[in-house]
Amino acid sequence: MAKPLLTAPSAPAVILPVFAEYQFHTVAREFVCAEHQHVNHEVICSDVGTYRCQLNRVSLALPPRHLLLIKPGDLHADVSRPGDRFFAIQFRLQRQAYPEESIPLLIEQIAPAQQVLNAEGLTLWPLLRQMEEEMRVADETSAMVQDALLREFFWRTVRAIPRELISPLFQQSSSAQHWLRSLNQLFCAHRHHHLTLTEMAEAMQVSERTLTSRCRELLNDSPSRAFMRYKMEHAMSLLTQSTMTVKEISYTLGFANPYHFSRAFKMHFGVPPSKYRD
């Protein structure tokens, strides 16, 4: 069976924030949310007024343009007063290859005060405003736009968190994701010709041994086979989505002749490329 396309979305280390709920609160009357234990991650964004709460039984007060990062297992209670306005976004983190496994964003031993982030200089509020507007639009594409905005909000928030407060597992997965994206960009830039192991290693700024080890670890393949897999997946796209001939695709992907291309394609997919043009 052919292996999956080498792209960031299908790579085993990819981190996906899976959003459970997001709400925009403008408080009309005072209310108290009793202490409860969080199952998901949550980001609370103080917009107007002062957001007051207890996190793991420590009292906190967030002025406008501050975020509270709540992790699964935290004890949380809050008090809202008339005129206060805040955003609340709940999500869990998973690696796409392991959807049943939730990974932590923050380290376990973190003080509640360290879970408050000053977002004054961050470009998060325009994203929140756009999300709110998309909720009002509610057309056939608004859900997808909201999801894209939420993911951008998440990664911009992660960028602002001090590195020492981010869990090692998250850092490891994020680093692997960045590395795979760089490798994918290398393959994309050189899909029209051949790349040697030495050339790949030099472009990735690692030794040949490190490149081979990382590819084995993250892709369960050698660098050369991973590059060939990328080419075959690109060939399939061209066969099904363009009018290029097999011969044209062969030369576009840097093969010496169509015979070599057809043989490689059949080894990967089990059928020759001509089958897609019958």
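## Burial and surface

In this predicted model, buried residues account for 42% of the 278 residues in the protein. A residue is called buried here when its relative accessible area is under 20%.

The accessible surface of the protein amounts to about 14700 Å². Carbon and sulfur atoms contribute 53% of that surface.

## Overall dimensions

The radius of gyration of the protein is 24 Å, whereas a compact globule of 278 residues would have a value near 19 Å. Along the principal axes, the C-alpha atoms occupy a box of roughly 75 × 45 × 35 Å.

## Secondary structure and strand pairing

The protein contains 8 helices and 10 strands. One of these strands, β7, covers residues 75-80 and is joined by 5 bridges to strand β2, residues 31-37. Strands β2 and β7 run antiparallel. In this part of the structure, His-36 stands opposite His-76 of β7.

Strand β7 is also paired with strand β4, which covers residues 51-55. Here 4 bridges connect the two strands, and their arrangement is antiparallel. Arg-52 has Val-79 in β7 as its bridge partner.

## Contacts along the sequence

Contacts can also be described by how far apart the two residues lie in the sequence. Among contacts in the protein between residues at least 6 apart in sequence, 72% join residues that are at least 24 apart.

The protein carries 29 positive and 28 negative charges. The mean position of the positive charges and that of the negative charges are separated by 8 Å.

Conventions
Residues are numbered from 1 along each chain as its sequence is written. This is a predicted model: local features need pLDDT of at least 70, side-chain atom pairs count only at pLDDT 80 or more; totals for chains, interfaces and linings use all residues. Side-chain values use heavy atoms; hydrogens and water are left out. The radius of gyration is taken over C-alpha atoms; the globule rule is 2.2 Å times the number of residues to the power 0.38. Buried means under 20% relative accessible area, exposed over 50%, partly exposed in between (1.4 Å probe, protein chains only). Contact means heavy atoms within 4.5 Å. Accessible areas come from the Shrake-Rupley method with a 1.4 Å probe; for residues, only the protein chains shown count as cover. Lys and Arg count as positive and Asp and Glu as negative; His and the chain ends are not counted. The place of a charge is taken as NZ of Lys, CZ of Arg, CG of Asp or CD of Glu. Two strands pair if DSSP finds at least two bridges between them.
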